[in-house]
Amino acid sequence: MSQALHLHYDVPGDDFTRAGEASGAVKRKLKQMGFNSSAIRRVAIAMYEGEINMVIHAGGGEADVEIMPEKISIVLTDHGPGIPDVELAMKEGWSTAPDHVRSLGFGAGMGLPNIKKYTDEMRIETEIGKGTKVFMVILAQ
Amino acid sequence: MTVAQMTTVLNLKVLAGKQSMERLVAGGYCGDLLSWVMGRAKADDVWITVMGNLNAIAVAVLADVSCILLSEDAALDEDARQKAEEEGVTVLQSDRSTYDLAVAIGKLLS
Ligand SMILES: Nc1ncnc2c1ncn2[C@@H]1O[C@H](COP(=O)(O)OP(=O)(O)OP(=O)(O)O)[C@@H](O)[C@H]1O
Ligand SMILES: [Mg+2]
């Protein structure tokens with residue numbers, strides 16, 4: 001089997017004009033590589049939700065993507081405030097997004113639930129004051 | 001029905017992304033909160049919204065909707081228009097309400 005492809009992106013904080021660059025680039029890459037459109041769509045949405053969360057809630061971060069023929073793994077790492085109550089954060093509708101990002105259309109409290117919905121595996125590691133890591137795996141089939 | 005056909009029948013304005021109007025419209029989704037759209041809209045839906053910003057274009061690309069339809073004459077930001085051109089996202093506009101447009105498109109699709 002061919003080797004895994006590793007991609008790395010820096011996600012700048014508080015820059016909504018650039019948010020989505022990393023997930024957009026991954027989407028294009030997967031398309032070039034011939035992955036099926038449903039898998040591409042799930043990767044794109046889940047990664048964008050995680051990316052935008054780093055921008056809004058954590059002052060930016062990094063994305064590491066590993067592409068294998070059978071699955072795509074994504075790790076999003078930030079050094080933001082951490083998530084005090086992960087179970088609560090995972091609930092549909094829970095959001096601490098400030099007003100200025102709500103006016104852009106964010107803050108529905110649906111981002112983490114969407115990641116859960118579109119991935120085959122999802123895990124959050126977080127420490128208050130240190131940061132958050134979101135792990136996701138999407139199976140190509 | 002294609003985006004182009006829908007545009008003609010409903011007399012919509014084309015603000016960006018003329019090159020992608022042969023895409024098929026399979027259904028529709030109405031909403032302005034981006035994560036609801038990403039969670040609930042399906043690929044090839046027409047997305048009816050008042051959100052004409054850069055993030056809306058990113059969402060349209062990632063969620064793979066057939067086009068964005070701005071209702072109530074909602075504005076498309078200039079940076080969003082450029083991004084839509086670049087990404088090949090068709091952005092349409094109408095002075096009708098979201099409800100009216102959804103009803104009209106529903107009839108066309110049935
Ligand atoms: N990387 C992160 N660092 C710190 N807090 C986070 C992070 N990601 C999510 N959160 C917290 O979890 C909450 C829920 O996140 P979620 O993505 O579901 O909703 P949202 O970002 O507030 O709104 P939406 O995603 O619908 O635009 C956020 O409001 C925030 O309090
Ligand atoms: Mg979010």
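Predicted model: local features only at pLDDT ≥ 70, side-chain atom pairs only at ≥ 80, totals over all residues.
**Ground rules.** Local features need pLDDT of at least 70 and side-chain atom pairs count only at pLDDT 80 or more, whereas totals for chains, interfaces and linings use all residues. Residues are numbered from 1 along each chain as its sequence is written, chains are lettered from A and ligands numbered from 1 in the order in which they are written, and side-chain values use heavy atoms, with hydrogens and water left out.

**Ligand 1, shell.** The shell around ligand 1, taken as residues with a heavy atom within 4 Å of it, holds 22 residues, of which A:His57, A:Ser95, A:Thr96, A:Gly107 and A:Met110 come nearest. By class I noted 10 nonpolar, 10 polar and 2 charged residues in that shell (Ala, Val, Leu, Ile, Met, Phe, Trp, Tyr, Cys and Pro count as nonpolar, Asp, Glu, Lys and Arg as charged, and the others, Gly among them, as polar). Helix α2 of chain A gives the most to the shell, with 4 residues; helices are DSSP runs of H or I with at least four residues and strands are runs of E with at least two, numbered from the N terminus.

**Largest pocket.** Ligand 1 sits in the largest pocket, meaning that more than half of its atoms lie within 2 Å of the grid points. A pocket here is an open set on a 1 Å grid over the protein atoms alone, with a 1.4 Å probe, protein on both sides within 12 Å along at least five of seven lines, and lining residues with an atom within 4 Å of a point. I noted a volume of about 590 Å³ for the largest pocket, and A:Asn53 and A:His57 are among the lining residues closest to its centre. Helix α2 of chain A supplies the largest share of the lining, 8 residues.

**Second largest pocket.** The volume is about 470 Å³, and the residues closest to the centre include A:Lys27, A:Arg28 and B:Glu87. I counted 11 nonpolar, 7 polar and 9 charged residues in the lining.

Notes
Points joined across faces, edges and corners; volume = space filled by probe spheres on them.
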